[in-house]
Amino acid sequence: MVNDQMVNDKMVNIIHLSKTFINPDGSSLTVLKDVNCTIDKGEVISIIGPSGTGKSTLLRAINMLEPPTSGEIIVNGENITAPGYPLDKLRRKMGMVFQSFNLFEHMTVLENITYAPTRLLKMPETQAKEEAMELLKKVGMAQKADVYPSSLSGGQKQRVAIARSLAMHPDVILFDEPTSALDPTMVGEVLSVIRQLAKSGLTMLIVTHEMRFARDVSTRIFFMNEGIIYEDGTPEQIFEHPVHSATKAFVNRIQKLVYEIDSDDFDYLQIHTGLNQFCLKYNITEKAELAYSLIKEILFTHMPSFRPLTLRLTHTELSGVTALDFMVEGLNESPLTDTARASLRQQVKELIEEPTTRGFRIKLIV
Ligand code: ADP
Ligand code: MG
């Protein structure tokens with residue numbers, strides 16, 4: 001028996017958790033090797049890391065959707081991995097929000113939310129409905145209480161899914177990449193609901209690829225790699241001063257969009273669309289039009305004659321630095337005139353001109 005004093009501020013305690021999958025052909029795959037951590041009440045933990053490193057498996061093991069092979073999970077003083085631990089109690093302890101929403105499609109929004117409290121908690125129907133309406137207000141979805149999920153956008157579905165998990169009054173909510181199935185325009189509305197929950201003192205574990213969100217919202221970051229919590233620390237420690245090189249490489253990774261332009265009748269509409277999508281995805285829509293007009297200006301005005309080139313847009317999520325690179329082949333000096341240079345300098349943060357092994361590079365920091 002764990003005494004109350006000991007578990008006071010400890011909400012989740014994971015001890016030597018491991019998970020091995022046995023494949024149908026008899027081979028096995030150990031996805032979680034030895035996960036250990038303690039999470040305090042009210043903490044918001046973001047779990048980041050390369051794909052395939054067991055982040056989803058960890059959440060599913062914590063929630064007993066994928067029972068661990070060995071180890072223990074103590075939630076608010078109770079060992080939920082103990083044999084026969086009751087499901088209704090477990091669901092009250094842990095809520096889960098999935099990437100793909102998993103709403104019940106044949107139930108209205110309101111019914112989706114009242115279903116578990118009335119069945120599992122035996123909450124009276126009227127109370128469940130009242131609470132559900134409160135929760136829907138909280139996530140900005142009260143006006144959609146009576147519609148079916150099929151009429152909702154992805155962002156709206158995910159907000160309903162969050163309300164549904166809150167309806168069980170869980171001690172902890174687990175989020176598995178809650179925004180990665182969403183159209184980029186809808187990421188913001190879901191993240192803002194999660195930010196609001198974080199402020200309310202709810203304990204949360206969030207698997208996410210949104211680095212800036214993770215940095216802003218979390219009390220601690222777990223970097224998962226190779227089936228263990230490879231490094232953990234405050235957002236500042238993980239993002240600014242990571243100890244391990246794998247952590248450093250991961251948090252500083254650069255997103256790229258590349259076009260090879262090999263004739264002067266290239267498809268500039270395709271580039272425009274690609275730029276817009278890229279900028280939406282990485283939350284830099286304000287840079288899209290500038291980047292596009294710089295591309296047109298350089299290609300149509302500043303290049304004396306057509307030359308094959310590689311156009312590259314890079315964005316470092318964490319630092320927010322966006323660069324536009326024009327790698328022009330077979331040129332050993334800058335094609336820019338002083339007038340061109342002056343025009344570009346007015347529009348960008350930095351202009352770099354440098355020879356490369358295969359030609360010449362114009363780099364614009366936008
Ligand atoms: P992440 O969420 O970090 O991308 P996952 O936890 O989804 O990683 O998966 C980690 C590894 O476990 C992957 O190699 C995946 O194929 C494997 N895996 C996940 N679920 C199962 C399963 N039910 N059976 C067998 N292998 C699985
Ligand atoms: Mg995953």
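# Briefing: a burial, helix and salt-bridge tour

With a relative accessibility of 10%, Ser 218 counts as buried (buried means under 20% relative accessible area, exposed over 50%, and partly exposed in between, using a 1.4 Å probe and protein chains only). This is a predicted model, in which local features need pLDDT of at least 70 and side-chain atom pairs count only at pLDDT 80 or more, while totals for chains, interfaces and linings use all residues. Residues are numbered from 1 along each chain as its sequence is written, chains are lettered from A and ligands numbered from 1 in the order in which they are written, and side-chain values use heavy atoms, leaving out hydrogens and water.

**The whole chain**

- The protein chain holds 13 helices and 15 strands (DSSP runs numbered from the N terminus: helices are H or I with at least four residues, strands E with at least two).
- Its C-alpha atoms fill a box of roughly 75 × 45 × 45 Å along the principal axes.
- Of the 366 residues in the protein chain, 49% count as buried.
- The accessible surface of the protein chain is about 17,700 Å², with 50% of it belonging to carbon and sulfur atoms (areas come from the Shrake-Rupley method with a 1.4 Å probe; for residues, only the protein chains shown count as cover).
- Taking contacts between residues at least 6 apart in sequence, 65% join residues at least 24 apart (contact means heavy atoms within 4.5 Å).

**Around Ser 218**

- You will find Ser 218 in the loop that runs between helix H8 (211-217) and strand S9 (220-225).
- Its side chain makes a polar contact of 2.7 Å with the side chain of Ser 46 (a pair of N or O atoms within 3.5 Å; within protein, one must be able to donate a hydrogen and the other to accept it, and residues adjacent in sequence count only if both atoms are side-chain atoms).
- The Ser 218 side chain also reaches the backbone oxygen of Ala 214, at 2.6 Å.
- Not counting residues up to four places away in sequence, Ser 218 touches Val 44, Ser 46 and Pro 235.

- Helix H6 (residues 154-166) has 13 residues and spans 19 Å from its first C-alpha to its last, close to the 18 Å expected at 1.5 Å a residue (the expected span is 1.5 Å times one less than the number of residues).
- H6 is largely enclosed by the rest of the structure, because 13 of its 13 residues are buried.
- In helix H4 (residues 109-120), the buried residues are Val 109, Leu 110, Asn 112, Ile 113, Thr 114, Pro 117 and Thr 118.
- The cover over these H4 residues includes helix H5 (125-138) and H6.

**Salt bridges**

- The structure has 19 salt bridges (a side-chain nitrogen of Lys or Arg within 4 Å of a carboxyl oxygen of Asp or Glu).
- One of them joins Glu 240 and Arg 215, whose closest N and O atoms are 3.8 Å apart. Glu 240 sits in helix H9 (residues 235-240) and Arg 215 in helix H8, so the pair ties together parts 25 residues apart in sequence.
- Both partners are partly exposed: Glu 240 has a relative accessible area of 45%, and Arg 215 has 26%.
- Asp 325 and Arg 312 also meet in a salt bridge, at 3.0 Å from N to O. Since Asp 325 belongs to strand S13 (residues 321-329) and Arg 312 to strand S12 (residues 309-316), the pair ties together parts 13 residues apart in sequence.
- Asp 325 is buried, at 1% relative accessible area, whereas Arg 312 is partly exposed, at 22%.
- Arg 361 meets Asp 325 as well, at 3.3 Å from N to O. Arg 361 lies in strand S15 (residues 359-365) and Asp 325 in strand S13, so this pair links distant parts of the chain, 36 residues apart.
- Arg 361 counts as buried, with 18% relative accessibility.
- Arg 312, Asp 325, Glu 354, Arg 361 and Lys 363 are linked in a salt-bridge network.

**Two more places to look**

- Glu 72 lies in strand S4 (residues 70-75) and is partly exposed, at 36% relative accessibility.
- Apart from neighbours within four places in sequence, Glu 72 contacts Asn 13, Ile 14, Ile 15, Asn 79 and Thr 81.
- Tyr 268 is in helix H11 (residues 268-281) and is partly exposed, at 41% relative accessibility.
- Tyr 268, Leu 269 and Phe 300 make a nonpolar surface patch, with about 330 Å² of accessible area together (patch residues have over 30% relative accessible area and no salt bridge; like charges are joined within 9 Å, and nonpolar side chains, namely Val, Leu, Ile, Met, Phe, Trp and Tyr, within 5 Å).
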